[in-house]
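Here are some notes to read alongside the structure. Take the points in order and find each residue on screen as you go.

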Amino acid sequence: MSLTLVEELRTRAKIRRGIPNRKSVQDNEPDRIADQLEQAADVIEKYYNALISIQSLTSTMGDDDGFPSVYAFIERILNE
């Protein structure tokens, strides 16, 4: 999985903050939606990295230990 969704969320937040006629920009106030977009990107990236770490740990154990392929499971969920 590429981090395309994470990049898109961060780009959308940056675009929102750069629109000069937005009230929050004019008033130099935080854009709550942009903040939430960045928070969502951070959470997605954090959990994706954690799952990749789990995959690398389970792959060193081998399939004979009865551990399902976490990576295959994640890919199946993401592609549904």
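1. **How much is buried.** The chain has 80 residues, and 18% of them count as buried. Here buried means under 20% relative accessible area, exposed means over 50%, and partly exposed lies in between (1.4 Å probe, protein chains only). The accessible surface of the chain comes to about 6,200 Å², with 56% of it belonging to carbon and sulfur atoms; these areas come from the Shrake-Rupley method with a 1.4 Å probe, and for residues only the protein chains shown count as cover.

2. **What you are looking at.** This is a predicted model, in which local features need pLDDT of at least 70 and side-chain atom pairs count only at pLDDT 80 or more, while totals for chains, interfaces and linings use all residues. Residues are numbered from 1 along each chain as its sequence is written, and side-chain values use heavy atoms, with hydrogens and water left out.

3. **The overall layout.** How many helices and strands does the chain have? There are 4 helices and 0 strands, and from the N terminus on the elements run α-α-α-α. Helices (H or I, at least four residues) and strands (E, at least two) are DSSP runs, numbered from the N terminus. Among contacts in the chain with a separation of 6 or more, 43% come from residues 24 or more positions apart. Contact means heavy atoms within 4.5 Å.

4. Start with the length: the 15 residues of helix 1 should span 21 Å at 1.5 Å a residue, and the end C-alpha atoms are 21 Å apart, which agrees. The expected span is 1.5 Å times one less than the number of residues. Which residues of helix 1 are buried? They are V6, L9, A13 and R16. These residues cover an arc of only 95° around the axis, which puts them on the same side of helix 1; the arc is that of the directions from the helix axis to the C-beta atoms. As background, an α-helix has 3.6 residues a turn, so residues three or four places apart point the same way. The face of helix 1 turned away from the buried side carries the exposed residues K14 and G18.

5. A search of the whole structure finds 7 salt bridges, each being a side-chain nitrogen of Lys or Arg within 4 Å of a carboxyl oxygen of Asp or Glu. One of them joins D42 to R10, with the closest N and O atoms 2.6 Å apart. This pair links distant parts of the chain, since D42 sits in helix 3 (residues 32-61) and R10 in helix 1 (residues 4-18), 32 residues apart. D42 is partly exposed at 43% relative accessible area, and R10 is also partly exposed, at 29%. Another salt bridge pairs R17 with E38, the closest N and O atoms being 2.9 Å apart. Here too distant parts of the chain are linked, with R17 in helix 1 and E38 in helix 3, 21 residues apart. Both partners count as partly exposed: R17 at 32% relative accessibility and E38 at 31%.

6. The side chains of R22 and D31 meet in a salt bridge of 3.4 Å, N to O. Elsewhere, salt bridges that share partners join R10, D42 and E45 into one network.

7. **Around D31.** Where is D31 found? D31 lies in the loop between helix 2 (23-26) and helix 3. Its side chain has a polar contact of 3.1 Å with that of R16. A polar contact is a pair of N or O atoms within 3.5 Å; within protein, one must be able to donate a hydrogen and the other to accept it, and residues adjacent in sequence count only if both atoms are side-chain atoms. Leaving aside neighbours within four places in sequence, D31 is in contact with R16, R17, R22 and S24.

8. **S24.** This residue belongs to helix 2. S24 is buried, with a relative accessible area of 13%. Not counting residues up to four places away in sequence, S24 touches E29, P30 and D31.

9. **A backbone angle to check.** N28 has a positive phi of about 55° although it is not a glycine. For comparison, most residues other than glycine have a negative phi. N28 is found in the loop between helix 2 and helix 3 and counts as exposed, at 72% relative accessibility.
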